[in-house]
Amino acid sequence: MKLGFFSIDLRVHKKHDVPTAESSHFAESNENITNTPNLFSHVTLQVRVQAWKEVSGKDMKFVNLDVANEYDLLVQLIKDEQPDSIVHFAEQRAAPYSMKTSKTKRYTVDNNVGGSNNLCCAVIDSEVDAHVVHLGTMGVYGYGTSGGEIPEGYIDVVLPGGREANILHPAYPGSVYHATKCLDALLFQFYQKNDALRVTDLHQGIVWGTNTPQTIKDERLINRFDYDGDYGTVLNRFLMQGAMGVPLTVYGTGGQTRAFIHITDTARCIEIAINNPPASGERVEIFNQVAETRRVRDVAKLVADQTGVDVNMLPNPRFEAAENELDVANRKFCSLGLDPITLDEALFKEVTEVVNKYKHRCDPTKILPASFWNKKRAEECASLDPSSVKINA
Ligand code: USQ
């Protein structure tokens, strides 16, 4: 089934390719089919591939296939390309979208878990020893459930009877989207054990920012920038709201602490992961792909101080702890060369400048939250009126 509305993205690398934006083989299907109001990227992938050729001189191959549903084509692609590594971005990526309706919940599970399972099977069936690099999420751990610092993937436990073990960190998802990443992690654990599949799982925090050193080279390479309630993540939403003169949409008390990472570091982490694959037979490698942790209301204050907009405390559309602490280990990436970019006002300025350039595309009726975790939350948010949001910039 070729669904008309989800981004499915899988990148295939051969040795000596520069990863992510510079990869020479790139398979993606159904890009931007969500019909959500993305601020910048109205450029097709074919055009972006051509733009990359013009700025870098490198050819990037584009194949349009649905990883969750076109299994035979996927196996054939892997056999043809004989990749050293495959970067798996082929998942529905938004927690609020996944909680919108039973249809989006079912789609998120079918697409994400089915796609990951297909990829594992396809690598094994094709008999190509490709290293699978998967984009996971910090949300697999839950927030503040480790009794201290969240370790990198595995946690020391004492089992009944006093036996000590180091196990996959218990899963504690907060949305259907996050649950699919927990299920992915179990599939990877199984295929590693059963078939010696080599897998790295990247538990990423909330991405912010617009450009990487590669995408800044040409306007056509600019990334998606989602600001709406279903797809936009918190800091990019706040930066856009600040630029538009719209009060910041803090949910509940804003007491949730989350992990953040700039988009440039996301690309850098993927490069590091590709260059440091686990050996055959080694358990799934897990990195926490985060730069720092911040509380949502503190992030809102940073943006409000810089832009002069008000902070609006809204009823929380999500079922989540009102307040949580979060301490996350990221030592593995740092020891492999990551020097994380942290939230800083100069970078806020860069994002604000880009947002200002495209703000005429913003639809203010999409700014308020539009997905509610359960019936009670929907009732509590019933007074939110999407048409009440006015742009003041
Ligand atoms: N929040 C607000 N106001 C907003 C938007 C969000 O207060 O306008 C709050 C939410 O209630 C939540 C926090 O900010 O407590 C983070 O929300 P988010 O939408 O930025 O991030 P989240 O739903 O957790 O998920 C996003 C991406 C997902 C990625 C994840 C990383 O959708 O793809 O995996 O960030 S993490 O959360 O660290 O697991």
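Which residue lies over the face of Tyr143? Select Tyr143 and look above its ring: Arg258 is there, at 3.7 Å from the ring centre. Keep in mind throughout that this is a predicted model.

Now select Tyr154. Arg283 lies over the face of this ring, at 3.5 Å from the ring centre.

Over residues 51-281 the chain is 39% helix and 19% strand.

**Helix 2**

Go to residues 71-81, which form helix 2. Show the side chains. Leu74, Val75, Leu77, Ile78 and Glu81 are buried. Next, look down the axis of helix 2. The buried residues fall within an arc of 160°, so they line one face of the helix. An α-helix has 3.6 residues a turn, so residues three or four places apart point the same way. Turn to the other side of helix 2: Asp72 and Asp80 are exposed there. Step just past the end of helix 2 to Gln82, which takes a positive phi of about 50°.

**Aromatic pairs**

The whole structure holds three aromatic pairs. Two of them are stops here.

Select Tyr97 and Tyr231. The ring centres are 5.3 Å apart and the planes stand at 45°, so this pair is tilted. Tyr97 sits in helix 3 (residues 95-98), while Tyr231 is in the loop between strand 9 (206-208) and helix 6 (234-244), so the pair ties together parts that are 134 residues apart in sequence. Tyr97 and Tyr231 are both buried.

Move on to Phe287 and Phe333. With ring centres 4.2 Å apart and planes at 15°, the pair is stacked. It links distant parts of the chain: Phe287 belongs to strand 12 (residues 285-289) and Phe333 to helix 9 (residues 331-335), 46 residues apart. Both Phe287 and Phe333 are buried.

**His262**

Finish at His262. Is this residue buried or exposed? His262 counts as buried because its relative accessibility is 2%. Find it in strand 11, residues 257-262.

Which residues is His262 in contact with, leaving aside neighbours within four places in sequence? Show Trp208, Gly209, Asn211, Ile341, Leu347 and Glu350. Last, select Thr264: its backbone nitrogen lies 3.1 Å from a polar atom of the His262 side chain.

Key. Residues numbered from 1 in each chain as written. Predicted model: local features only at pLDDT ≥ 70, side-chain atom pairs only at ≥ 80, totals over all residues. Heavy atoms only, no water. Helix = DSSP H or I, 4+ residues; strand = E, 2+ residues; numbered from the N terminus. Buried < 20%, exposed > 50% of the residue type's maximum accessible area, 1.4 Å probe, protein only. Contact = heavy atoms within 4.5 Å. Polar contact = N/O pair within 3.5 Å; in protein donor to acceptor, adjacent residues only side chain to side chain. Arc of directions from axis to C-beta. Phe/Tyr/Trp six-rings, centres within 6.5 Å; stacked < 30°, edge-to-face > 60°. Lys NZ or Arg CZ within 6 Å of the ring centre and 35° of its normal.
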